[in-house]
Amino acid sequence: MRENAMRRLGWIVLCAALAGCPKGKEEAPDAGPVDAGPDVLSEKEPNERPDQALTLARDSVVNAALAADPAKGDEDWYRLAPSSARTAEITVSGIPGGDVTIEVYDRDRNRLGGVNSEGEGKPERYPNLYVEKERFVRVASARKGSGGAYSLTLTYRRPNDGEEREPNDRAVDSTPLTLGQTVAAYIGHAGDEDWYRIELPVQEPSTPAAPGGETPPAPAPTPAPVPTEGTAPPAPEGTPPSPTPTDETAPAEDSVPPRSTGTESPTGTADAVAQTANAGPAMPVEPPGVALKIELSSVEGVRPELSVLSAAEAPLFSLRASKEGEALTLRNIGVRATDTVVYVVVKSGWAGSGKEARRTYNATNPYTLSVSLEEAGANAELEPNDELYKATPLNGSGFKEGFLAPKNDVDYYVLRTTEPMLAKVEVSGVERLDLVLSAVDPPMGDGQQETVTLRANDGALKEPERLNNVSCNGSCYFKVEGASRKIDGKWVRDFENADQPYRITITAVPDNGSEEREPNNTVERAMEVNIGSTVRGTVYPAKDVDYYRLDLTDRPVRTPVRATLLGMLKVDVGLYLHRVGEDGKLSLVQTADRAKGDQPENIRYSLEPGVYVFEVRDAKNRESNFQDPYQLTVAEGE
């Protein structure tokens, strides 16, 4: 016995030393009060007024009923009064044969919002209701004379950062959203609108830049001029200058010169820009607008609408998803430099047609929204620019970056010049996109359509497009869009890439008459040439045709003319001489299209007085070359 007792004592000591033996049942830590679940309550009549409302301070399930009185509709009021600020979710079960509605009021009995979307016999849900101090909820039937038993389920939770706070369907109730932040929210019912307030970085206006793009240095002080014989001495310092005689009427003092819609200065030589600048007092140049990236996730069954509004709630941009369950990734959404606050509004859009039309929503699955600044900064296109009058301004030597998104997106750009210029325009290739670059003329009048004067679509998927020597004197418009392709027997424009931008680059030089002026692809747009002229041009894009007009109507007799066309690599150019009839129709006089590649073509002919055109093109109408020019020389003599 003694030996066994000693053995047990040894084991006890060893277990205690190693802290490995059990010490009996351990006490569980105090977890605080046990959550007994939601309060289960019954409504207490009368509760037809806010001052009779049933107070709900915790999660609750209320069993209640609406009386079916055709003379007076019944209504039940509830007071939401949590101990601290909470986000509430309210669900009211459906009433067979009845259409239930939920309305929310503030503590002063002002209506904040309501839900009545599901229809007869179906439940209604109000998510993300922010309750600070107290809110009142009114449950009623949408039609008099209907009623029945229902249950109201209320749950509270702590408000989370990064989620909407209902009601937020007005600017004054908008949810603050920091640039780069992601917020979660619901399009909870057919009439739901979610407003978000975004504060933008302040940009200061700058003084006009020099034509070359750099701010000119301050001029050094100049010595006073020494009067020469016969000239008046200089006026004392501070004396106003005498008016300079002019044939033009001076503008009124309160007149304001028309302002450009863009921020880029007009393109031209220094002298031309200086003449434009001297036409009136220089005005501060507004900084470039801000480009935003907006991402809205998809929600099953919902076709969302998204708008960007100014602080005055003026629309800056608006887009509706093309179908239900579609996410929106919007790039380069333009905001004016003067806007320091904008609102982004998300709401349910219409789906279906006729009697089947309805506003889509989903009270159980949230969406996410984020707004951030684009990385391209001042070089970003500014959406919306899908119409001619909203074109993004281009500088005569620079680039812009744009996105084709969503599908069917079209981007317009405008180049403004102070003198005749020739512009070379290139659009880079982009993954997943087959791009089209066009030069367009504005509509000639009300109800008229724009005119596409040049169109480049030589490249295929991922390949660039170019336009050479586009003549610009004033305002020139360019359009970037996706090419058409045939899917299921229909021609559609469905190219889209919201992740990778294209780059449109432009280089403009003064027009000195030595280069062709595109568009010159019709007789009406033919470039004027004279005896002794030499002009260079390109056959690009494919099937490009260049016309040159030679007017000999003032010649009294025949004129011997020699035209020489120096060829170019890759393209077998042909030279064709036509006479223009009084009716404008062409009659072929002579051709020269036997040479190959860069070999010259020659036409010699004695021309009667009249109007003629030279036609230059690929003799086989299948090749093009944007890089290497041909040269056409028109001379007199055999």
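**Exercise 1.** Is Arg493 buried, partly exposed or exposed?

*Solution.* The structure is a predicted model in which local features need pLDDT of at least 70 and side-chain atom pairs count only at pLDDT 80 or more, while totals for chains, interfaces and linings use all residues. Residues are numbered from 1 along each chain as its sequence is written, and side-chain values use heavy atoms, with hydrogens and water left out.

Step 1. The classes are set by relative accessible area: buried is under 20%, exposed is over 50%, and partly exposed lies in between (1.4 Å probe, protein chains only).

Step 2. Arg493 has a relative accessibility of 29% and therefore counts as partly exposed.

**Exercise 2.** Characterise the salt bridge between Arg79 and Glu134.

*Solution.* Step 1. The closest N and O atoms of Arg79 and Glu134 are 2.6 Å apart.

Step 1. Arg79 belongs to strand 4 (residues 75-80), whereas Glu134 sits in the loop between strand 8 (124-131) and strand 9 (135-141); the pair therefore ties together parts that are 55 residues apart in sequence.

Step 2. Arg79 is partly exposed at 28% relative accessibility, and Glu134 is buried at 16%.

Step 3. By the salt-bridge rule, the count comes to 33.

**Exercise 3.** Describe the surroundings of Arg157.

*Solution.* Step 1. Arg157 is found in strand 10 (residues 148-157) and is partly exposed, with a relative accessible area of 32%.

Step 1. Leaving aside neighbours within four places in sequence, Arg157 is in contact (heavy atoms within 4.5 Å) with Arg86, Thr87, Asn128 and Glu163.

Step 2. The side chains of Arg157 and Asn128 are joined by a polar contact of 2.9 Å. Such a contact is a pair of N or O atoms within 3.5 Å; within protein, one must be able to donate a hydrogen and the other to accept it, and residues adjacent in sequence count only if both atoms are side-chain atoms.

Step 3. The C-alpha atoms of Arg157 and Ala88 are separated by 6.6 Å, although these residues are 69 apart along the chain.

How values were computed: A salt bridge is a side-chain nitrogen of Lys or Arg within 4 Å of a carboxyl oxygen of Asp or Glu. Helices (H or I, at least four residues) and strands (E, at least two) are DSSP runs, numbered from the N terminus.
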